Amino acid sequence: MTSTNSTLDPLATLHSTATIRDRANVLLARARSGDSRWFGIDGDAIDTAAHVVADVTRGRYPTLDVPFHSRWRHFEAGGVDRIAALAQRMDTSVDERIRTRIDLAVVSVLLDAGAGPRWHYDEPDTGLRLARSEGLGVASLHAFTKGVFSGSDDDPLRVDAAGLRALTADRLADAFAVTVDNPLVGVQGRLALLHNLADVLESAPETFGPDGRPGGLGDVLVDRSRAVDPREAGSREVGAGDMLELLLTCFAPIWPSTNRLGDQPLGDCWRHRDVGGDGETAGWMPFHKLSQWLAYSLLEPFSDEGISVTGVNQLTALPEYRNGGLLLDAGVLVPTPLDWATREWRVDDAFIVEWRALTVALLDELAPRICTQLGLDPDSTPLACILEGGTWAAGRELAAQRRQGLPPLNIISDGTVF
């Protein structure tokens, strides 16, 4: 379980969301005490940020019936219910619907890392021009429905190892309408990620089936969820922590990061000298942002089929441009370097690692304050809803007001983290 920290298994420790939170809070305590090299904390600005997020949430969801933050929200960009149209083409069996939606979610999330400021996607059917995450989401959905990721001409609505293996940079760029005048950051990095995924899918037929489909994860999780009494279908449940652990274990080899413990790839996990820890895990700050984004995006394929998802609050806030930008633009985080907004940063720079960690820790503190502003019960309002309501959208609004929507930091990205 990702909620359980283990000093006996270093990899399990760095997969644990408890470790993410513990180490993020170490850095937050240092920043509050004035011991950080990179950030100060303006405590008075935290309530201001909560007000901003609450106002944005009311504007987006007036009834406060807020769904989970997930890739499925991006598929609804512009108020278009694209998934309803997809559902009409999907198999009628529950197991295959879950597989299909997981196939889509996996490939779409892996393609969802910073698009860059100049890229957009013009949707043919609606005429909508969409950029950034919404554009990437809708473009990936259309690519999926056209069979771009399928190795079977007769079954386009799937992702499989053969389809991913056949994918070229030109075909991926074409699916995302990339041109000289419409450049997408990190096309080669995204392609490498999908080719790595093909390797993983082929190497584990016991999980992903003979054709190597990401949707095989659904079969594993559903099998784990079988009720003691199989007649009690409604009692089936899937744990969000189990879901994340499965994703981290199965997909570890796909990440291009050179960060490793021995021969084990760590993925979105970075060095920071002040986070503490024991033994081999000392000095590592894990995030697993894309894996957690994927876990959030796998909740609905199960819940929509009557399989309840438990432990959603085990997952952390997603430390990326919008959530982290909210804290910078609201003045909660006060960077120390004078050139913080103008210089180029690498993903592994201590400044970026700490910014992301402080984002995780501070959003945990913000969530109950936002609930209070909205009159919601913090104990029954998942962080996933606060993010959707929410912090991500508020970060985007503040960025639009201050920088025409540009991120607050210039980060050199290969398209696999941000």
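Q: Why is Cys371 called buried in this predicted model?
A: Cys371 has a relative accessible area of 1%. Buried means under 20%, so Cys371 is classed as buried.

Q: How do you know that Cys371 is in no disulfide?
A: The nearest cysteine sulfur belongs to Cys385 and is 9.0 Å away. A disulfide needs two cysteine sulfur atoms within 2.5 Å, so Cys371 is in none.

Q: What makes Cys269 buried, and how do you know that Cys269 is in no disulfide?
A: The relative accessible area of Cys269 is 0%, and the limit for buried is under 20%. The nearest cysteine sulfur, that of Cys250, lies 18 Å away, whereas the disulfide cut-off is within 2.5 Å. The structure as a whole holds 0 disulfides.

Q: What makes helix α16 roughly perpendicular to helix α17?
A: Helix α16 (residues 321-329) packs on helix α17 (residues 350-374) at about 75 degrees, with the axes 9 Å apart. Angles of 65 to 115 degrees count as roughly perpendicular, so α16 is given that label relative to α17.

Q: Which residues of α16 and α17 make the contact, and what is its make-up by class?
A: From α16 come Tyr321, Asn323, Gly324, Gly325, Leu326, Leu327 and Leu328. From α17 come Trp355, Leu358, Thr359, Leu362, Leu363 and Leu366. The contact has 9 nonpolar, 4 polar and no charged residues.

Conventions. Residues numbered from 1 in each chain as written. Predicted model: local features only at pLDDT ≥ 70, side-chain atom pairs only at ≥ 80, totals over all residues. Heavy atoms only, no water. Axes fitted to C-alpha atoms, helices over the stretch in contact; angles between N-to-C directions. Helix = DSSP H or I, 4+ residues; strand = E, 2+ residues; numbered from the N terminus. Parallel < 35°, antiparallel > 145°, perpendicular 65-115°, else oblique. Contact = heavy atoms within 4.5 Å. Nonpolar A, V, L, I, M, F, W, Y, C, P; charged D, E, K, R; others polar. Buried < 20%, exposed > 50% of the residue type's maximum accessible area, 1.4 Å probe, protein only.
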